[in-house]
Amino acid sequence: MNTKGKNKSIVEFWVGIFLLLGIAGLVFLAFQVSGLTQKSMSHGYVLKANFDNVGGLKVRAPVQIAGVVVGRVTNIELNAQTYQAEATLLIYDQYTVPNDSTASILTQGLLGSNYLGITPGYSTVSYQAGNVIQRTNSALILEQLIGQFLFNMKK
Amino acid sequence: MSSQACVQIKHLTFSRGSRKIFDDLSLDVPRGSIVGIMGPSGTGKTTLLRLISGQLSPDQGSIFLDDDEINTLSRSRLYQVRKKMGMLFQSNALFTNLSVFDNIAYPLRERADLSEAFIRDIVLMKLQAVGLRGARHLMPSDLSGGMARRVALARAIAMDPELIMYDEPFTGQDPISVGMIVKLMRLLNKSANMTSIIVSHDIEITFNLVDYVFVLADGKIIGQGKPDELRNSANAQVRQFLNGLPDGPVPFHYPAKDYATDLMGEN
Amino acid sequence: MLSMVQRIQSLGAAGIHFVERVGEAGLVLLGAIFKKPNLHKSFPLLIQQIYMVGFLSLPIIIVAGSFIGMVLALQGYNILEKFAAADELGPLVALSVARELGPVVTGLLFAGRAGSSLTAEIGLMKATDQLSSMELMAVDPLQRVVAPRFWAGFYSLPLLTIVFSMFSIFGAYAVGVDWIGLDAGSFWSNMQASVDFRIDIVNGIIKSIVFGFFTTWIAVYQGYACVPTSEGISHATTRTVVFSSLVILGLDFVLTAMMMGGW
C-alpha cells in the first residue's frame, strides 16, 4: 500500500507541473505574443466618421493618433441616404479626440494595410460618445492618383 | 440443504446473428452441488455463463438465480444480485495495473462499506485460502499461470458468493496447478457450500470432481447425469465426445466432393 | 462480378453500418459522461489518466513544436527577405502557429500517440475480460475506465496545444534572432501588433478543445467497441489514428471558415 501512495504523489506532482506549464504557456501567449495589455482590455466609446471612399480599410483596423493605437474600427457601412461610407470607431476610454480633428485613411508603409489616422485639432472641447467626426479625408485610390498625374503631365 | 435449485434455466433460446446458439434449453443446478457443463468447442458454454450472469439477454426463455429472474432485472437490481455470484474467467481477467492485494480488495472496496482494516483482514484470509498470502504485493505480470488463476479465484470469492462459475479453469495449466485448483474447487463447494458450475472440456478432471454433468451440443442437451451414468450412455454423440473419438456424429472430414474427382479435376 | 445494383446495395449497407457505429459511439459517450460520477473514486483515476495521456505526450509535443517553429522561421525568412519584409517573421510564425499549425499538428500528434494508446489499452482490457469482470463486480466500466480517459484527453489537448505554440515561437526566435540575426525588439513588437489575443490565440484554443473532444471520443470508442482479439485491437488502433486525423482536418476547415466569417 505504501508504494501505491508514493506512486500516486509522484503522478500528482507531474500532472501539476503539466498544468502549470500550460498556464505559463497561456500567459506567455497572451502577453508576449499577442501583446495583451491592460490598456487593450479596457472599454471605450463610439465615434463615427463618414468617407467618400474607405478604400481598403477593414473592420478591426487600428485607429491611431500620432502613430499610437487609440482604438479600433468596429463597423463599416454604406449610408443609404448620403451614399457615403460610415465607419464606426471604438476609442479607448483614456483617449480624447478634439472636436476639430481630421480622420484620414492612411496606409501602413508602402504596401501595408489601411488604418485610420486622426490628426488632432487645437480645440479644447472633445468629441463625446456617439458624435460624428466632421473632417475626413478619404483613402487615396491608386488609379485616381495615376489619372491625376497623367492629366498634370499633359498640361 | 434445500431441494430448490440455485440456478434454473427454462426454455432458453439465444442466437448470435443468424446462428442459433441455444434452442429451448432447460436445466436446473441444485443448490450446493458442483455441476459440469461440457461439450465440443463452439457450443456456447461461455455464452451460457454470460447469460446466467446477466451480461447477455436471452431471446426467449428465463434464467433464475434463487427467486430473481435475471433477464428481467433493472440495472441496479442486477448489480445487487451479482453480489451473490463469482466468476473465474478463462483469461483470469486480473487488473494488470493493480497488485495482487488490490485486485482482491477491489470488489470489497467497490461494493462493501468496510474499513480498510477489515478489508485487509478479508483479503489476507482469501489469500491464505488459496495459498498465496505471501504474494500479496506482486503484480499480475509477476505471477505464473497457476498463481494468477488462484488470485483470480480469491477475487471471485472475495464477497463470499452463493454461486461460483468457472470458465475453462483447467485449460493450459500444468498438472500441479490443476491439482491445486481442483482442491480449492472441492473445498469451496463442500466447506463453504458454494454452488459451483464448471464449464470445461477436460473429461477426466471434470468427471472426478463434479456431482452432475450436462453435455451440450448444437444448442441442446444431448446427455445429462451423474458422471458414471454418462460413461455408459447410449447416445453416439455423447460417446464420441467422452471417448475422444476423432470421427462420429461430429465428422472428421469437412464436407467436400469426391476425393478422386477432386484430384483429377482442375479446381 | 457484382452488378451495379449489388454495388449500390453494398454501398447503402456500408452507409447504414457507419451510421449505426456513430450511434453506438454516441451512446458510449453519453454513458460515460452523463452519469453522476463518484468523485472520491473517479478523481484519482482522472489524475492518473491526465498523467498518462497529457504529461507523457509532452516530449513529442515540445520537440515537434520547436522544430516546426524553427523550420517556419527558416523558410519564412527565405521568402520574406525578398520583399524586404524580414521584420514580419515574428507575426508570420505566431499567426501560422496560433491559428492553424498549433491546434492541427498537436491534434494529429496526439491522435497518433495518445489516441492509439488509449484504444489499445481499452481494447486489451476488453480482450482479457477485465471489463467483463468489472461489470460482474457491479462497477460500471464506462465510468471507471472510459470516462477518466475521455476527460483526460479533453483537458490535455488544449494544454498541449498551448505548449506547442509556445515552443514553436521559442524555436522561431532561436532561428530568427539568435541565428539569422534579426532584431529581437522588432521581432516581438511586430508580433504583438499583429496577433490579437481573442481572434488568434483564443480561436486556436477553441479549435484544440473541439479537436480534443472528437479525437478522444473516437479513441475511447474504438477501444471499447473493438473485436476482442489481437487482430481486432490492431484494426481498432489504426482506425483511431485514421479517423481522428480526418476529423481533425475536416473540422479545422469548418472552424476556420466559421472564425473567418467574423466569429
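Between chain A and chain C of this predicted model, one residue pair is in polar contact, both residues at pLDDT 80 or more; a polar contact is a pair of N or O atoms within 3.5 Å, where within protein one must be able to donate a hydrogen and the other to accept it, and residues adjacent in sequence count only if both atoms are side-chain atoms.

Over all chains, the salt bridges come to 19. One of them joins C:Arg149 to C:Glu121, with 2.6 Å between the closest N and O atoms. C:Arg149 is buried at 7% relative accessible area, while C:Glu121 is partly exposed at 29% (buried means under 20%, exposed over 50%, partly exposed in between; 1.4 Å probe, protein chains only).

In chain B, a salt bridge connects B:Lys84 and B:Asp66, at 3.2 Å between the closest N and O atoms. B:Lys84 is partly exposed at 24%, whereas B:Asp66 is buried at 11%.

For reading the names, residues are numbered from 1 along each chain as its sequence is written, and chains are lettered from A in the order in which they are written. Local features need pLDDT of at least 70, and side-chain values use heavy atoms, without hydrogens and water.

Key
Salt bridge = Lys/Arg side-chain N within 4 Å of Asp/Glu carboxyl O.
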